[in-house]
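Below are my notes, as numbered points to read with the structure open.

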Amino acid sequence: MEYSDPSTQPEILLVDDTPEHIETAVSVLCDHNFKVRIATKGITALKLIDQHLPDLILLDVYMPEMDGFEVCKTIKRNPDYIHIPIIFLTSSNDEESIKKGFAYGAQDYVIKPFNSSELLARVNTHIKLKQQTKSLLQANRELDSFCYSVSHDLKAPLLSISRLIDYLVLDYSPRLDNDGHELLDNIQKKSNELIMIIDHLLEFSRMSEMELRIEKVDLEHCFRTICSELIKLEPQRKIQCIIKSLPIICADPIMMKLLVSNILSNALKYTRNKAAASIEITSAETPEEYIVSIKDNGEGFDMRYSDKLFKVFQRLHAQNEFEGSGVGLAICQKILQRHHGRAWLTGKIDQGACFSFSFPKQ
Ligand SMILES: Nc1ncnc2c1ncn2[C@@H]1O[C@H](COP(=O)(O)OP(=O)(O)O)[C@@H](O)[C@H]1O
Ligand SMILES: [Mg+2]
């Protein structure tokens, strides 16, 4: 791959403290029309990245003061830098460093002294991958905003239809026979369903577009408040909800509320047919993340289809048994992705389900 147009020349940040290595790498890369910036210390590299994002980083492992692993860790911790590919520069017998580099989030490594065609091949591959990832992210954003526009534009005529049905019920009800009433009733139900689906789709798109406002969020308080609000809506039911000690996390409070309310609504919905519903919320932790689980004793589901559940409109229960749009879990997943967390659901038919999510510690 050659980059003759200066405006599209990829920029590489070379972080190394050995003059001979710098010289070799710069000569190979400049010969192939890459722009190269050089940092001989980790701390200088971080300053340069701050000023201007490079397309790729070539990072030496051993440097005085701040070594390559420390630099890599700091870069990968910053969401703005996470997509910059990092290639470690190691020596041939340093397997431990290669392993450690991958563990810290590096994409690849090149062995010193460089073989120029190998260095070029790896740099080109990762730049191409980065460009493809960028196009995919852009396409995804366009899809999200398309989804938002369609939902938004559909909502107004749908609300009009719903109002027209209300007028029809009010003004023409006395003139209809039983079949007419039944038909009108069904139209009204379907129109409300559509409005609910559109609202959920709008919420889904909003979760992609909304800017994250990170604050401290007390998960335990969040679960307790939303749980008691939801239980109040169904006073006739016997519901036991146990909330164990949950962590305080750094997250967007509005998104977390939506996440918690979606998970708890599901737990309450799918335990509806049980004489006594039991919901238990617990948390565990590893050095890197918290894991929160919401376990219920409801209908459960067939694990064979579990990979479908987080996709928009995918449902495993019939609408006439359990109403819903099939967008709730997709919203939860989107919220967790935006916080670099993960979600999964386990269950067994008639033996309850357990929704779990992981949330990185900052
Ligand atoms: N707690 C649960 N117990 C059993 N099944 C669940 C539970 N939560 C989610 N599901 C399954 O996952 C599907 C998708 O959930 P969701 O996206 O929230 O949509 P909805 O609740 O609107 O159907 C549900 O239709 C249901 O089949
Ligand atoms: Mg739901």
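1. Burial and surface. In this predicted model, 41% of the 362 residues of the protein count as buried. The protein exposes about 20,100 Å², and carbon and sulfur atoms supply 54% of that area.

2. Overall form. The radius of gyration of the protein is 27 Å, whereas a compact globule of 362 residues would have one near 21 Å. Along the principal axes, the C-alpha atoms fill a box of roughly 90 × 45 × 35 Å.

3. Domains and secondary structure. The protein is divided into domain 1 (6-114), domain 2 (135-209) and domain 3 (212-362). The C-alpha centres of domain 1 and domain 2 lie 52 Å apart. The protein has 9 helices and 12 strands. Taking contacts between residues at least 6 apart in sequence, 68% join residues at least 24 apart.

4. Record annotations. An unreviewed UniProt entry gives "domain: Response regulatory" for residues 11-127. Over residues 11-127, the chain is 46% helix and 22% strand, and the end C-alpha atoms are 10 Å apart. UniProt also has "domain: Histidine kinase" (unreviewed entry) for residues 149-362. The span 149-362 is 46% helix and 21% strand, with its end C-alpha atoms 34 Å apart.

5. Which residue does UniProt list for "modified residue: 4-aspartylphosphate"? The unreviewed entry lists Asp60, a residue found in strand E3 (residues 56-60). Aspartate 60 counts as buried because its relative accessibility is 3%, below the 20% cut-off. Leaving aside neighbours within four places in sequence, aspartate 60 is in contact with Val15, Asp16, Asp17, Thr18, Gly68, Phe88, Leu89 and Lys112. The last of these contacts leads to the next point.

6. Lysine 112. This residue is in strand E5 (residues 108-112). Is lysine 112 buried or exposed? Lysine 112 counts as buried, because its relative accessibility is 13%. Its side chain makes a polar contact of 3.5 Å with the side chain of histidine 21. Beyond four places in sequence, lysine 112 is in contact with Asp16, His21, Asp60, Leu89, Thr90, Ser91 and Ser92.

7. A cis peptide bond joins lysine 112 and proline 113, with omega about -5°. Most peptide bonds are trans. Proline 113 is found in the loop between E5 and helix H5 (116-172).

8. Aspartate 252. This residue is found in the loop between strand E8 (248-251) and helix H8 (253-269). Why does aspartate 252 count as buried? It does so because its relative accessibility is 2%. A polar atom of the aspartate 252 side chain lies 2.8 Å from the backbone nitrogen of arginine 213. Aspartate 252 and alanine 276 are 24 residues apart in sequence and 33 Å apart in space, C-alpha to C-alpha.

9. Glutamate 289. The place of this residue is in strand E10 (residues 289-296). A polar contact of 2.9 Å joins its side chain to that of arginine 342. Leaving out residues up to four places away in sequence, glutamate 289 touches Ala284, Arg342, Ser358, Phe359, Pro360 and Lys361. Glutamate 289 and lysine 216 are 73 residues apart in sequence, and their C-alpha atoms are 15 Å apart in space.

10. Backbone angles to look at. Most residues other than glycine have a negative phi. Asparagine 33 has a positive phi, near 65°, and is found in the loop between helix H1 (19-31) and strand E2 (35-39). At 25% relative accessibility, asparagine 33 counts as partly exposed. Phi of phenylalanine 313 is also positive, near 70°. Phenylalanine 313 lies in the loop between E10 and helix H9 (328-338), and counts as partly exposed at 46% relative accessibility.

Technical notes
Residues numbered from 1 in each chain as written. Chains lettered and ligands numbered in written order. Predicted model: local features only at pLDDT ≥ 70, side-chain atom pairs only at ≥ 80, totals over all residues. Heavy atoms only, no water. Domains from an automatic or database assignment. Helix = DSSP H or I, 4+ residues; strand = E, 2+ residues; numbered from the N terminus. Buried < 20%, exposed > 50% of the residue type's maximum accessible area, 1.4 Å probe, protein only. Polar contact = N/O pair within 3.5 Å; in protein donor to acceptor, adjacent residues only side chain to side chain. Contact = heavy atoms within 4.5 Å. Rg over C-alpha atoms; globule rule 2.2 N^0.38 Å. Areas by Shrake-Rupley, 256 points an atom, 1.4 Å probe, with all protein chains shown as cover. UniProt positions renumbered as here; feature names shortened; annotations may be inferred.
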